[in-house]
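Please open the structure in a viewer and keep the selection tool at hand.

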Amino acid sequence: MTINLKHEPLSVEHALTAAPGEVPLKIVLPLVAGPHLEQALQGIADFWNTSANDLQERFKGEAGEQITYFSNQYDWYLLGLGEQPSYADTLKTVRSFAHKHKRKLPAHIGISFLHQPVADLPMLAEAAVSGLLLSTLPTGEYRQETEPPHPFATEKAQLTLFLPDDQAEVGRQAAERALHLSEAQLAIIGLVNAPSNKKTPAMLADWAVQSGRKHGYKVTVFDKPAIEELGLHALLAVNRGSEEPPRFIIMEYQPKGTAGPLPKVGLVGKGVTFDTGGVSIKPSANMHYMKSDIGGAAAVLGTMEAAARLQLPVHLIGIVPATDNCVDANAIKPGDVIDSYSGKTIEVIDTDAEGRLILSDGIAYMLKHFAPDTLIDLATLTGSAVRTFGYHAAALFTNNTELEQHLKSASEATGERLWPLPLWEVYEEDLKSDVADVRNFSGRPMAGAINAAKFLEFFTEQHPRWAHLDIAGVAFGDSEFTVQKSATGYGVRLLINLLEQLKTA
């Protein structure tokens, strides 16, 4: 999408004298409920030459509320954002509006912020542009009859922003940031939504390679022989039941021409392309949703691309161990003891606790070869996190108070919620093994998310700035786009906000 910027007054005279195509035929006016709404509606009523009282009676600015005015040449959409709209609320409101009206909207659309003073225009502008772009999420890719493309997803797509003179530059920067973030997020949403036979470990690796070439970051992929030579034994163990060989994907981004040391951040994402549970097989009712078990990997892939597109001043490393978890005569069995890249042995109590196994190899490799200042892993790891927070927040585990505050701040800014749970030493008792260094599951129907985090902590070598995000409840959920659950793209905006905090710390 091309983004145009206008910061002269938007008026009837300007619209009538503008060059063809300069002013879009349909313009959205996002309006905040509250003390400034009455004055804004008065100005709009004067502009439309209609009754202000009637307009004020019909439109209260509630979130999602909409009025359309048709003039001879232009259509105007008043879109309510509610009182004190957050980033996430604004994004969702505009996204839902653009999705609902996608068959009526042209490829060139405008958004005007000239009619009402707002407290944080850059935030609202970024959220609104992101909402428009994310409304283009395609569905039905494998149907015989596909829908026509969303008008904003075509080469002709244009967005014209109308901004006050004194906020034109920050508004432009916010819109461009929204473009980079949304395109990266749309890409990984497509990956998570794809059926497992359309996203094998090799396909994930190919996606990373293509993204790296396009956006300027390094990608190294280890195939199965290389994985065997390296000794990534936990990843190989999970892969034993699969017909698709694993991949170990390493991505590294460093901005060009940056002087001085940069914050070094390591991200590790669980890349299980489908999870049957292995021999500890899952119930069939919702197993089709297990194509979403690459949610952590997708967040890492999307963050790598977005960081490179935004040219953030950070040294960022992403690792994705990729495999599926299937049932086969060769699959690992409960009670088996396996090796790992770290050298520690693991007693497998439950083969459905496979995500932590491959993450243990990813974490150990990250620490040995990159020694990041900050280490974060993400995974759709446990049903326990879903039972604790539902579909509204990720579970956060960290040993660093400052990192916790940075993540909480990023969560509040982006609306990608998370909340901390404890890492008390007492939970280590649940993972003691009689035959190995550690076991992968306590065997008890309690504290599952905490036990998983404690298992991963065992492989962090007491790294002083580590966080684990269990995103099982937030990576996949209900939306206006699909009749079944679908990917949310959780993690990209959260992590980019965090990286932006670290660069200024």
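At what angle do helix H5 and helix H6 pack, and how far apart are their axes? Select residues 121–134 (H5) and 168–193 (H6): they pack at about 35°, with axes 8 Å apart. Axes are lines fitted to C-alpha atoms over the stretch in contact, and angles run from 0 to 180 degrees between N-to-C directions.

The model is predicted: local features need pLDDT of at least 70 and side-chain atom pairs pLDDT 80 or more, whereas totals for chains, interfaces and linings use all residues. Residues are numbered from 1 along each chain, and side-chain values use heavy atoms, without hydrogens and water.

Next, select helix H7, residues 201–215. Its 15 residues reach 21 Å from first to last C-alpha, close to the 21 Å expected at 1.5 Å a residue (1.5 Å times one less than the number of residues). Colour Pro201, Leu204, Ala205, Trp207, Ala208, Ser211, Gly212 and His215, which are buried (under 20% relative accessible area, with exposed over 50% and partly exposed in between; 1.4 Å probe, protein chains only). These residues lie on the same side of H7 because they cover an arc of only 155° around the axis, taken from the directions from the helix axis to the C-beta atoms. The face turned away from that side carries the exposed Arg213 and Lys214. Continue to Gly216, which follows H7 and has a positive phi near 85°.

Finally, select helix H14, residues 448–457: nine of its 10 residues are buried, so the helix is largely enclosed by the rest of the structure. Among them are Ile450, Lys454 and Phe455.

Terms used: Helix = DSSP H or I, 4+ residues; strand = E, 2+ residues; numbered from the N terminus.
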